[in-house]
Amino acid sequence: MKLQVLMFYQDDPKKCTAAKMVKFGLAQNIKKIGSKGLVLDPFAEKTLLPKDASVIHSIVGIDCSWNLADHAFSQKFNGIKRKLPPLLAGNPVNYSKLNKLTTAEALSGSLYILGFKEQSLELLNKFKWGHTFYELNQNLLNDYSESTTEEDIQNIVADYGLI
C-alpha cells in the first residue's frame, strides 16, 4: 500500500515520524491529496474498516501537532476520510494515551486494519519504540482487522472498556 504524508511542519523535526518515514522512503511527502487517498482524520464521521482497502490507492497521514489538530483538520481535504478506532500510543511522548498517535503509529495501525500486516510491522521497525505500539495494541488490531461494520468496532471498544 502506498503511504503519503501531508506535512504541516509544526513539531520538532528531530521527533517527526513523518519526516523519518519520508527520509527512509517509506512514505511520500505530498502537497495535494488524490480522490482515492484514504485520509486519516481523527474528526471523521466514519471509522476505518478492513473493507475500505478495496476503494483506495493510498493512505494519507496528516502530520501536524496535536495542539493544533483542530485547525489542521478544519481544512478541506480531498480523499476518503476515516478515523482510526481507539488505539494506545506507544511513542515516548504520549505513551499509553488513547488516540494520541504519531503519524507513523496512525499509518501503521491503518495498514494493519486494512490487511497489510507485514508492511505495518516493517514501518514500526524504523522506530525504537515501534514494537511498544504493536505490543500495546496487538489484540485490538487483530480484532479491528476482522471487523465488518461500525457496530463491530463499537462492540470491540466496549469489550475492551475503551469508551
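Q: What does Thr103 touch, not counting residues up to four places away in sequence?
A: Thr103 touches Val5, Thr17, Ala18, Met21, Gly61, Ile62 and Asp63 once residues up to four places away in sequence are set aside; contact means heavy atoms within 4.5 Å. The model is predicted, so local features need pLDDT of at least 70 and side-chain atom pairs count only at pLDDT 80 or more, while totals for chains, interfaces and linings use all residues. Residues are numbered from 1 along each chain as its sequence is written, and side-chain values use heavy atoms, with hydrogens and water left out.

Q: What makes Ala19 partly exposed?
A: Its relative accessible area is 29%, so Ala19 is classed as partly exposed. Ala19 is found in helix 1. Ala19 and Asn29 are 10 residues apart in sequence and 8.3 Å apart in space, C-alpha to C-alpha.

Q: Why is one side of strand 2 and of strand 5 left without a neighbour in the sheet?
A: The open sheet has 5 strands in the order 2-1-4-3-5, with parallel pairing; two strands pair if DSSP finds at least two bridges between them. Strand 2 (28–29) and strand 5 (80–82) stand at the edges with a single partner strand each, so one side of each has no neighbour in the sheet.

Q: What joins strand 3 to strand 5?
A: Strand 3 (residues 37–40) and strand 5 run parallel and are joined by 3 bridges. Ile80 in strand 5 is the bridge partner of Leu38.

Q: Where is the kink in helix 5 centred?
A: The kink of about 65° in helix 5 (residues 130–144) is centred on Asn137; the bend at a residue is the angle between axes fitted to the seven residues ending there and the seven starting there. Asn137 is among the buried residues of helix 5, and these buried residues pack against helix 3, helix 4 (117–124) and helix 6.

How values were computed. Helix = DSSP H or I, 4+ residues; strand = E, 2+ residues; numbered from the N terminus. Buried < 20%, exposed > 50% of the residue type's maximum accessible area, 1.4 Å probe, protein only.
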